[in-house]
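Please read them alongside the sequence and the structure.

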Amino acid sequence: MKAAVFRAINEPLSIEEVDVSRPMAREVLVRTAASGVCHSDLHFVEGLWPFPPPAVLGHEAAGIVEEVGEMVTDFKPGDHVISCLSVFCGHCNDCLRGRPNLCRNPETRRGPSDPPRLSQQGEPINQFANVSSFAERMLLHENAIVKIREDMPLECAALIGCGVLTGVGAALNTAKVEPGSSVAVFGAGGVGLAAIQGAYIAGARQIIAVDISESKLAQARELGATHIVDASSGDPVPVIVDMTGGGVDYSFEAIGLPATVQQAFNCLNTGGTATIIGMVPVGQTVELEARMLLSERRLQGSIMGSNRFRVDMPRYVDLYLQGRLKLDEMITRKGRLEDVNDAFRAMKAGEVARTVLMFD
Ligand code: CU
């Protein structure tokens, strides 16, 4: 099959022939229909987060089941599915206390004595995030996919696989935004726009989008932001505090920079909660004035929208089909696998919320 291979940091991905193994036991082979290009893929290409090459990146995808392992009972060829990097074992402490997005049990991967899922002339190619969706096929543990309605367009379903799950889930699951509350979202890229939509779905009264790009702020308005703050013209914190008469109840950081993490915390009202979604590069730290915590402000992290994706994703599909979750608007561009490097360039240039790569 054709795949985009990550060979070295800061090198373009190269389109190569890669071998995909046959599904063992609880594995499912999925024909990729669409894969989003997410900012975190770029973090790994740029080496801001480490991942060993050679590898096939990509982790936001939807497709159609082609073949299942002999122990798989919940999926059959022809099923439409969304993949998710939050693969869960189902029986560890994290899974059993209702937090399967934190599962780290390695049993959902292949063991060291098994043949690799991906390879080239017998040499293993690393599978990224247990998904590797920049490829014509994905070989996944069955607990890394969820079945969805067949009337759901697969390019929109792909976005739910990471960015939408992460942003909407941060608002609904991690922060549990209350109806009538005030919200600020730092960063109006794919995940930030999803957090804005999550806040809107939750019934927030005031949703303030903060970004430095005029076009992204305009899009944020279309997707539910009631106010916008252009941070290119100065510190957004006093503007937000003024707008809300004291600060927001909930803030979200969807960029991954220490400075915006600090702003997200500093714009909280007393009792407010800042939720950090962005992937701040490894080793960087943030500084807070500790006194601010005394009036019950909180700072918390969110990974993959605190998802239970088998429950969340079909809900988001329904919300999309009812017109309450906007996904077409988030797809700025469609391309082919060969366009993956240009998708990274466009993302860095701030031209796109999402490029979606389409497969045959
Ligand atoms: Cu992602």
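What percentage of the 360 residues in the protein chain is buried?

1. Burial. Buried residues account for 56% of the 360 residues in the protein chain. This is a predicted model, and every point below should be read with that in mind. The protein chain exposes about 14900 Å², and carbon and sulfur atoms supply 51% of that area.

2. Overall form. The protein chain has ten helices and 19 strands. Its radius of gyration is 20 Å, close to the 21 Å that the globule rule gives for 360 residues, so the chain is as compact as a globular protein of that length. Taken along the principal axes, the box filled by the C-alpha atoms is roughly 60 × 40 × 40 Å.

3. Contacts along the chain. Among contacts with a separation of 6 or more, 71% are between residues 24 or more positions apart.

4. Charge. The side chains of the protein chain include 33 positive and 43 negative ones. The centres of the two sets lie 5 Å apart.

5. The six-stranded sheet. This sheet is open, its pairing is mixed, and its strand order is β2-β1-β5-β9-β8-β3. The edges are formed by β2 (14-17) and β3 (19-20), each of which pairs on one side only. Strand β1, residues 2-6, pairs with β2 in the antiparallel sense over four bridges. For orientation when viewing, Ala4 stands opposite Ile15 in β2.

6. Strands β4, β6 and β7. Strand β4 (residues 27-37) runs antiparallel to strand β6 (residues 61-68), and seven bridges join the two. Leu29 has Glu67 in β6 as its bridge partner. Strand β6 is also joined to β7 (residues 80-83), again in the antiparallel sense, by three bridges. Here Gly63 stands opposite Val81 in β7.

7. Ser83. This residue lies in strand β7. Is Ser83 buried or exposed? Its relative accessibility is 1%, so Ser83 counts as buried. Leaving out residues up to four places away in sequence, Ser83 touches Ala61, Val131, Met138, Leu140, Ala144, Ile145, Gly161 and Met313.

8. Glu60. This residue sits in the loop between β5 and β6. Glu60 is buried, with a relative accessible area of 0%.

9. Strand β13. How many of the six residues of β13 are buried? Strand β13 (residues 206-211) is mostly covered, and six of its six residues are buried. Gln206, Ile208 and Val210 point one way from the strand, while Ile207, Ala209 and Asp211 point the other way. Asp211 is among the buried residues. Strand β12 (residues 182-186) runs parallel to β13, and five bridges join them. One of the pairings to look at is Phe186, whose bridge partner in β13 is Val210.

10. The cis peptide bond. Pro53 and Pro54 are joined by a cis peptide bond, with omega about -5°. Pro54 lies in the loop between α1 (39-45) and β5 (55-56).

11. Positive phi at Gln121. Phi of Gln121 is near 45°, a positive value in a residue other than glycine. Gln121 is in the loop between β8 (118-120) and β9 (123-127). With a relative accessible area of 76%, Gln121 is exposed.

12. Positive phi at Ser306. Ser306 also has a positive phi, near 40°, and is a residue other than glycine. Where does Ser306 lie? Ser306 is in the loop between β17 (298-301) and α9 (309-321). Its relative accessibility is 25%, so Ser306 counts as partly exposed.

Notes:
Residues numbered from 1 in each chain as written. Predicted model: local features only at pLDDT ≥ 70, side-chain atom pairs only at ≥ 80, totals over all residues. Heavy atoms only, no water. Rg over C-alpha atoms; globule rule 2.2 N^0.38 Å. Buried < 20%, exposed > 50% of the residue type's maximum accessible area, 1.4 Å probe, protein only. Contact = heavy atoms within 4.5 Å. Areas by Shrake-Rupley, 256 points an atom, 1.4 Å probe, with all protein chains shown as cover. Lys, Arg positive; Asp, Glu negative; His and termini not counted. Charge placed at Lys NZ, Arg CZ, Asp CG, Glu CD. Pairing = 2+ DSSP bridges.
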